[in-house]
Structures are given as structure tokens and as C-alpha cells.
Amino acid sequence: MSLSYGIAWGIFAYFIVYHLAYFLLHILAVVRMHDAEQSRILTELPYLHSELEPPVSVLLATHDNADSVVAATQALLHLDYSKFEVIVISDGAQDDSLRALTTAFDLHPFPEAYRMQLKTQRVKCIYRSSRYPHLRVLDKEHGGTADALNAGINAARYPLFCTVDIGTGLRRDSLQQLATPFLNDNRVLASVAGARATATEAALPRRWPALFQIMDDLRIKLFAALGWSMLNGMLIAPTGMMLLRKEAVIAAGAYSHGARIAGMELIVRLHRFMRQKQRAYRICFIADPICWQQVPEDFAALKQACMRWQQGVADSLSLNAGLLFARNSGSAGRLAFPFLLLFEVLGPLLECLAYIFLLAGLAAGFISWPACFAFLSVMIGLGILLSASGLLLEEMAFHPYPKTADITMLILVAVISNIGYRQLSSIWRSIALFNWCRQRQSGGLPEYIAPKQIR
């Protein structure tokens with residue numbers, strides 16, 4: 001009986017620490033946003049830094065996206081930035097993507113020197129637009145997203161490159177916002193944009209899966225990442241749009257073929273690489289709503305997104321396990337890594353086991369109904385407060401939802417998402433973790449595979 005009480009109190013303590021840790025990250029996010037507010041006037045003057053902005057190569061990897069690749073490319077070409085190029089990498093497309101790009105931008109084969117710093121699948125042809133001199137298209141054999149981005153790095157002419165997912169919507173000043181940390185600090189290696197589920201101009205979606213995804217982002221992704229950024233320990237964040245220093249990325253091994261979410265794993269590896277080399281660096285997170293991504297419209301898509309995120313986090317940490325508690329690992333290895341391992345990787349499984357323990361305790365009689373009710377009330381109440389905290393920070397800092405009806409709906413979602421959806425999400429993520437472990441044991445997931453550098 002004493003063992004059962006010990007387990008019960010351990011579960012209770014775990015959830016208290018879990019929520020307090022996220023509340024602390026939200027407090028750090030408030031401090032970070034206050035600092036950012038002091039320099040926001042400068043970023044709102046579009047031409048103030050026009051002579052100082054470093055040139056950027058913008059990379060867009062695509063595979064069989066004929067219906068969206070032209071619009072995505074157009075959006076990149078119309079970014080407000082002083083000097084940049086756009087490189088679209090067609091990764092072995094079998095549809096009409098290349099034909100659509102050729103028609104829309106008047107592409108022609110263009111012989112140019114292609115420096116292979118990273119070994120990738122063969123680039124069959126490089127095209128250049130006669131309408132937009134700063135647009136090039138690489139037609140290469142299929143090798144996956146990581147291989148396509150590495151090919152784009154080979155073709156990039158500038159010291160900074162920006163990756164944009166094919167489904168990411170952008171504000172015209174998105175690149176300016178991402179480049180600002182590089183202007184202020186030459187130690188910055190990467191700047192990651194906090195992608196939102198909807199644009200600031202768009203109406204709040206009304207489907208419950210989409211609303212649950214928005215609340216998940218506010219609760220544990222956006223402002224937690226901003227808090228870790230304050231400590232230079234941001235390991236995991238949405239990676240729809242990132243600006244990186246090319247030299248550092250190549251030195252760290254570029255994009256890995258062994259990670260489900262290659263951009264996420266690269267950020268963790270940059271931390272590990274720079275800590276091992278004992279070099280000063282910073283990796284920043286931009287919480288401003290400068291880009292947005294489509295959200296799941298049904299529960300099947302939401303389940304797939306949850307499971308992919310869970311396995312992406314597991315990939316990123318396992319492939320860089322050497323960072324954990326390593327010498328000179330700083331906040332990244334001594335705080336952020338164990339935090340993510342305990343609360344993000346193992347957290348959903350521990351939460352499911354806690355529910356099973358409660359049910360077993362009720363059935364066996366060593367947990368009373370009042371005790372069970374008290375535990376669930378505290379856990380759900382803290383979850384609601386954490387969701388409300390994320391929503392409050394979003395409204396205080398950015399006010400993206402001007403309609404009262406939208407705010408009312410999100411407050412309702414903050415409550416409902418902790419009663420049913422959170423438990424369902426924990427089940428999905430536990431299944432994803434189980435499948436990930438099984439694939440690791442069977443050899444289905446390779447160890448870290450870095451592209452070979454050409455000397």
C-alpha cells in the first residue's frame with residue numbers, strides 16, 4: 001500500500017513540475033518579448049537597414065507540388081529584402097511541377113559552375129528565369145527533402161540561406177524579421193520563425209482539429225521555444241522558415257538523411273557541434289507571426305501531425321544524445337535536453353501510464369474516488385491555466401485575433417482541449433514513440449547519416 005501511495009505522489013509531483021516548468025518558460029518569454037519590443041521600431045522601418053542586410057539565398061524544396069509550387073515561388077520573389085536569390089529545388093518530381101515553373105517564370109537551361117560542397121543525388125539541369133534574374137530552379141534526381149536542401153546549399157551564392165516549407169505562407173517582411181538577429185550579433189548561427197496556424201489577416205478556423213492544433217502551438221511550442229531562446233537553449237521549434245549561416249551548417253554536417261524532420265534535427269546538431277568546438281554562438285527564435293502554415297482539418301490529419309512531431313523530436317534527441325549533460329553543453333545540454341527528454345519524449349507515455357494507474361487504483365480500492373477527482377482536477381486545471389497563459393501572451397504581444405468572437409472561441413478551446421483532446425493526443429504520441437522504438441530495434445531507422453563533403 002505504501003508503494004502505491006509513493007507512486008501516486010510521484011505522479012502528482014511529476015505533473016506539478018511539468019506545468020511549473022512551462023510556466024517558467026512563459027515568464028522567460030515575457031522578458032524576451034519585452035526586449036524585442038524595444039527594437040521593434042527599427043524593424044518596422046523597412047529601409048533603415050537596407051545597406052546593412054546580409055544577402056540571403058532562399059531555398060524551396062518541392063516534390064510533386066505542381067498545384068502550389070508556382071504560388072509559393074511567387075511569394076518568395078516578392079519578399080521585401082534588399083538583396084536575395086530564390087532557388088527552387090525540384091526533387092525528382094514526377095508531375096508537371098517543372099513545366100508549371102517553366103511556363104510561369106520563363107525558365108531556360110543555364111550553364112553555371114555548381115560547387116559540390118555536399119554530396120547529393122545528381123543535379124540534372126539548372127534553369128534560370130528570364131523574367132526574374134534572381135530565380136534559379138534545380139532539377140535533380142529524387143533524394144528526399146534533406147538531399148534537396150543540401151543541393152540547394154551547394155548552389156547558394158550567399159553566406160546566409162533561408163529554408164521555407166512548400167506550404168508556408170509569408171508576410172512580405174518575413175525575411176527582414178529573420179535577418180535582424182544577424183545584424184545585431186555576429187555570433188548568431190540560426191534564426192527560426194514561429195509559424196502560426198493562421199495568418200494575422202485570416203479568420204480563425206472553425207474546425208475543432210485546427211483549433212486544437214492552434215492551442216497546442218501556443219501552449220507548448222511557440223512561447224516555450226521563445227523562453228529557451230532567452231537561455232540560448234532552444235532545441236525544438238516549428239521549422240517552417242529558418243535562416244541559417246551556411247558555413248556553420250556545412251561544418252556541422254548539413255541536413256541529415258536519417259531524421260524525419262531534418263530542420264529540427266539540424267538545430268539540435270548545431271548546438272552539439274558548437275558546444276563540442278567550444279565556440280560562442282546563438283540560435284534565436286522569432287515569435288512574431290511572420291509566417292503561417294496550414295493546420296489539420298480532420299482528426300486523421302491531426303493524429304498524423306502529432307505522431308510525426310513526436311517521432312521528429314525523438315529523432316532529433318537520439319541522433320544527438322552526446323549533447324546530454326556533456327561537458328561545456330550549457331543550458332542546451334544540461335537543461336533543455338533533459339527537459340525535452342522527460343516531458344516531451346517520455347511525457348505522453350508517462351501520462352498514459354498515470355491514467356492506467358488511477359483506473360487500476362480505483363478498481364483495486366487503494367485510490368479513493370475523492371483522491372482521483374482531486375488529482376484530475378489539479379492536472380486539468382493546471383493544463384487550462386497553461387493554455388490560457390499561452391493565449392494571453394499571444395494577445396498581449398501580437399493581438400492576432402481582433403474579433404471578440406475569436407478570442408471567446410479560443411478561451412473555450414483552452415478549456416476543452418484539456419478535457420479529452422490532451423488525453424487523446426497523449427495516446428497518439430505514445431503509439432508514435434512505441435513505433436519509433438520498434439523501428440529502432442529492427443534497424444528501420446538509420447543512425448545519423450551526414451552527406452559527404454567534397455574536399
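This is a predicted model: local features need pLDDT of at least 70, side-chain atom pairs count only at pLDDT 80 or more; totals for chains, interfaces and linings use all residues.
Trainee: What length does helix α13 reach from its first C-alpha to its last?
Mentor: Helix α13 covers residues 369-397, which is 29 residues. At 1.5 Å a residue, the expected span is 42 Å. The helix comes close to that, reaching 42 Å.

Trainee: Which residue just after α13 takes a positive phi?
Mentor: Look just past the end of α13. The phi there is about 45°, and the residue is H399.

Trainee: How many aromatic pairs does the structure hold?
Mentor: Two rings pair if their centres lie within 6.5 Å. By that rule, the count for the structure is 16.

Trainee: Is the pair of F15 and F375 stacked or edge-to-face?
Mentor: The ring centres are 5.8 Å apart. F15 is in helix α1 and F375 in helix α13, 360 residues apart, so the pair links distant parts of the chain. Planes over 60 degrees apart count as edge-to-face. These planes stand at 70°, so the pair is edge-to-face.

Trainee: Are F15 and F375 buried or exposed?
Mentor: Buried means under 20% relative accessible area. F15 has 4%. F375 has 9%. F15 is therefore buried, and F375 is likewise buried.

Trainee: What is the angle between the planes of Y81 and F84?
Mentor: Both residues, Y81 and F84, are buried. Their rings lie 6.5 Å centre to centre. The pair is edge-to-face, with the planes at 75°.

Trainee: Which residue lies over the face of W309?
Mentor: A Lys counts if its NZ is within 6 Å of the ring centre and within 35 degrees of the ring normal. Here the distance to the ring centre is 4.1 Å. The residue is K221.

Notes: Residues are numbered from 1 along each chain as its sequence is written. Side-chain values use heavy atoms; hydrogens and water are left out. Helices (H or I, at least four residues) and strands (E, at least two) are DSSP runs, numbered from the N terminus. The expected span of a helix is 1.5 Å times one less than its number of residues. Rings of Phe, Tyr and Trp (its six-membered ring) pair if their centres lie within 6.5 Å; planes under 30 degrees apart count as stacked, over 60 as edge-to-face and the rest as tilted. Buried means under 20% relative accessible area, exposed over 50%, partly exposed in between (1.4 Å probe, protein chains only).
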